[in-house]
Amino acid sequence: MIKEDILIKAQTVFDSKNDFYLFFAPCRANLIGEHIDYNGGRVLPFAISTGIYLAVAPNALGQHRFFSENFLEQGVINIPKCEYQHSLTHSWLNYPVGVLKEFADINVLLNDSCDFYYYGNADFGAGLSSSAAIEMVTAVAINYITDSNLPMINLVKMSKSCENNFVGMNCGIMDQFIVGFGKAGNAVLLNCDNLKYSYVPFVLKDISIILINTNKVRKLTDSKYNERSMECLSVLHTINSIRKDKISCLCDINVDEIACYKHVLDDVLYRRLQHVVTENDRVNKTVKALENNDIETVGKLLYASHDSLKNDYEVSCKELDVIVDVAYNQEGVLGARMTGAGFGGCVISLVKNEFVEAFKEKVEHDYVAKTKLIPSFYDVACSDGAKKL
Ligand code: GLA
């Protein structure tokens, strides 16, 4: 849908004659630095061009009305203005309502009740963080409508807080941050410990960035995501119990120090630590390789990241592994790995342009044969962050 269509659709759905404002927030992919944002690590995500549109207009009904084109069957959902409760029946609604609650908690209140119309042109559940996009598009819209002028970093933190406290997912800050701070042609190198960031140009000559969606159904809050974040806390606690100088996060540890902790951690927790510390190191190496335009090395680091996520962190799954294995053996593919939380979702791959079609055919063929699922492919490029249109 183009901009005008979205505005007309919004007026039709709510039978409204009011003028709607339009906002957009992108989804994201992560080049490297997985499961280390909540360990104070460095990550290298980028915004992509697909994402979530939100059209908003005041209504004079005393009730907010929500509608998502992507959850058509749920129709228009009414909620009383200022009653922000967790919904068990409309789980998508918890993202925008949780953000409204974040604003209410700092006394930023909407003067009028409003109509909220959402339309996403990205696949939900693809592991590209449509959830962060819904949160951020809502936050940018409320910030605008209420004339609050909160800086982007506040909107990022409020969206993360909504996800942690209202939705119930203990995510780190990477997704909301990149949705807010994405920039065309660039990935963002974010230090999740102090939130310092820099843009890293990421436009590759003769090489495509292909995302492959496993199309495996999953639900993150049900998955082992929260379990992993608890395991990391427990590792941090154990390490601090034997250190004189305490550390604030696992990524404060260097690669050559990992072995010092073998005797105090069981095998599983030791492997979790190994992933976190080596992944942080791979991010630094990837940034250097990109600066030197050494994409071969970037590709190798992607494969190494996948192995670590699969074997040490155990957040991959058969579907992701099948695709990465095909990539590994396919001519013209420089590297591939799962991107995002894992347990399903997408693989990110770097493929020489002339080999893209052959790669897609091979993945489709082998993936269907081994999993009975049909993959989807997205050719992506680094795009801008959330904004008013
Ligand atoms: C999800 C979370 C992020 C991050 C990734 C894994 O997308 O929302 O905070 O932890 O998983 O890197």
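**Ligand shell and cysteines**

By class, 5 nonpolar, 3 polar and 4 charged residues form the shell around the ligand.

Student: What should I keep in mind about this model?

Tutor: It is a predicted model, where local features need pLDDT of at least 70 and side-chain atom pairs count only at pLDDT 80 or more, while totals for chains, interfaces and linings use all residues. Residues are numbered from 1 along each chain as its sequence is written, and side-chain values use heavy atoms, with hydrogens and water left out.

Student: Why is the ligand said to lie between domain 1 and domain 2?

Tutor: Because domain 1 (3-29 + 49-173) and domain 2 (207-379) both give residues to its shell. The bounds come from an automatic or database domain assignment.

Student: How do you know that Cys-171 is in no disulfide?

Tutor: A disulfide is a pair of cysteine sulfur atoms within 2.5 Å. The structure holds 0 disulfides, and the nearest cysteine sulfur to Cys-171, that of Cys-162, is 8.9 Å away.

Student: Why is Cys-382 called buried?

Tutor: Buried means under 20% relative accessible area (1.4 Å probe, protein chains only), with exposed over 50% and partly exposed in between. Cys-382 has 9% relative accessibility, so it counts as buried. Cys-171, at 7%, is buried too.

Notes
Ala, Val, Leu, Ile, Met, Phe, Trp, Tyr, Cys and Pro count as nonpolar, Asp, Glu, Lys and Arg as charged, and the others, Gly among them, as polar.
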